[in-house]
Amino acid sequence: MADGGEPGTVRPGGRTARVREAVLRAAEDALTEQGFTGLDLADIARRAGVGKTTVYRRWATVTGLVADLLADMAEQSAPRTETGTLLGDLTANARLVQRTLTDPRQGPLFTALIAAAAGDPRTAAALHRFYDIRVREWAPCVRQAAERGEVPEGTDPQEVIRAVSAPLYYHLLISGAPLDEATALRAAEAAATAARAGVFVRS
């Protein structure tokens, strides 16, 4: 591609946009049901009701399709909430992550994508780009908190945001403990308390 991007990352319009939407939703279904190793472009084309040639020409590989799926998920994610306080903003972030990971469709999808990333470098790179976009979108709430004097100057915004979501993903993937609203609130409060104490100040 001329821009050096992954296959399928050019944003289309019109009928092409509708085809992309159908294929990405079909890829979500297949990934959730079968996992990464079960993905097949021909099967996804069948599910989406489009020609195999169209899918192969646009995405070329399963990895290219997954990269585009992650890009689409980043685009569709809910925007950052501004509450006027660090704890309020971090709580909004934690609740968004918690609702996403416990959603009947999104939760299994993220689990499958993370599992795929563990064994496929290109999928891992796409997943890293997805989370980088989300972290950078929420980072301004920490900078605003620093301007209000809620956290020390030099606090690393991205590390604070990562500290909010990390325990939620631990519950999802490792501990098996309930991933409920109370868990989200604890994660936000812990990150806010640590940030106020200067834990995330850049050395």
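**Close-up 1. Phe110, Phe130, Tyr131 and Tyr169 make up one aromatic cluster.** The model shown here and in the following views is predicted. Under the ring-pairing criterion, the count of aromatic pairs comes to four. Phe110 and Phe130 form one of the pairs, with 5.6 Å from centre to centre and 50° between the planes, and this pair is tilted. Phe110 belongs to helix H6 (residues 106–119) and Phe130 to helix H7 (residues 121–138), so the pair ties together parts that lie 20 residues apart in sequence. Both Phe110 and Phe130 are buried.

**Close-up 2. Tyr131 and Tyr169 form an edge-to-face pair.** The ring centres of Tyr131 and Tyr169 are 5.6 Å apart; because their planes stand at 85°, the pair is classed as edge-to-face. Distant parts of the chain are linked by this pair: Tyr131 is in helix H7 and Tyr169 is in helix H9 (residues 157–175), 38 residues apart. Tyr131 has a relative accessible area of 23% and is therefore partly exposed. For Tyr169 the corresponding value is 16%, which means that Tyr169 is buried. Both tyrosines belong to the aromatic cluster that also includes Phe110 and Phe130.

**Close-up 3. The charged end of Arg58 is placed over the ring of Trp59.** The view is centred on these two residues, Arg58 and Trp59. The distance from the charged end of Arg58 to the centre of the Trp59 ring is 4.9 Å.

**Close-up 4. His171 is a buried residue of helix H9.** The relative accessibility of His171 is 18%; because buried means under 20%, His171 falls in that class. When neighbours within four places in sequence are left aside, His171 is in contact with Gly176, Ala177, Pro178, Leu179 and Thr183.

**Close-up 5. Tyr170, Leu173 and Ile174 make a nonpolar surface patch.** The patch covers about 310 Å². One of its residues, Leu173, lies in helix H9. The relative accessibility of Leu173 is 37%, so this residue counts as partly exposed. By contrast, His171, in helix H9, counts as buried at 18%.

Definitions and conventions: Residues numbered from 1 in each chain as written. Predicted model: local features only at pLDDT ≥ 70, side-chain atom pairs only at ≥ 80, totals over all residues. Heavy atoms only, no water. Phe/Tyr/Trp six-rings, centres within 6.5 Å; stacked < 30°, edge-to-face > 60°. Helix = DSSP H or I, 4+ residues; strand = E, 2+ residues; numbered from the N terminus. Buried < 20%, exposed > 50% of the residue type's maximum accessible area, 1.4 Å probe, protein only. Lys NZ or Arg CZ within 6 Å of the ring centre and 35° of its normal. Contact = heavy atoms within 4.5 Å. Patch = residues over 30% accessible without salt bridge, like charges linked within 9 Å, V, L, I, M, F, W, Y side chains within 5 Å. Areas by Shrake-Rupley, 256 points an atom, 1.4 Å probe, with all protein chains shown as cover. Salt bridge = Lys/Arg side-chain N within 4 Å of Asp/Glu carboxyl O.
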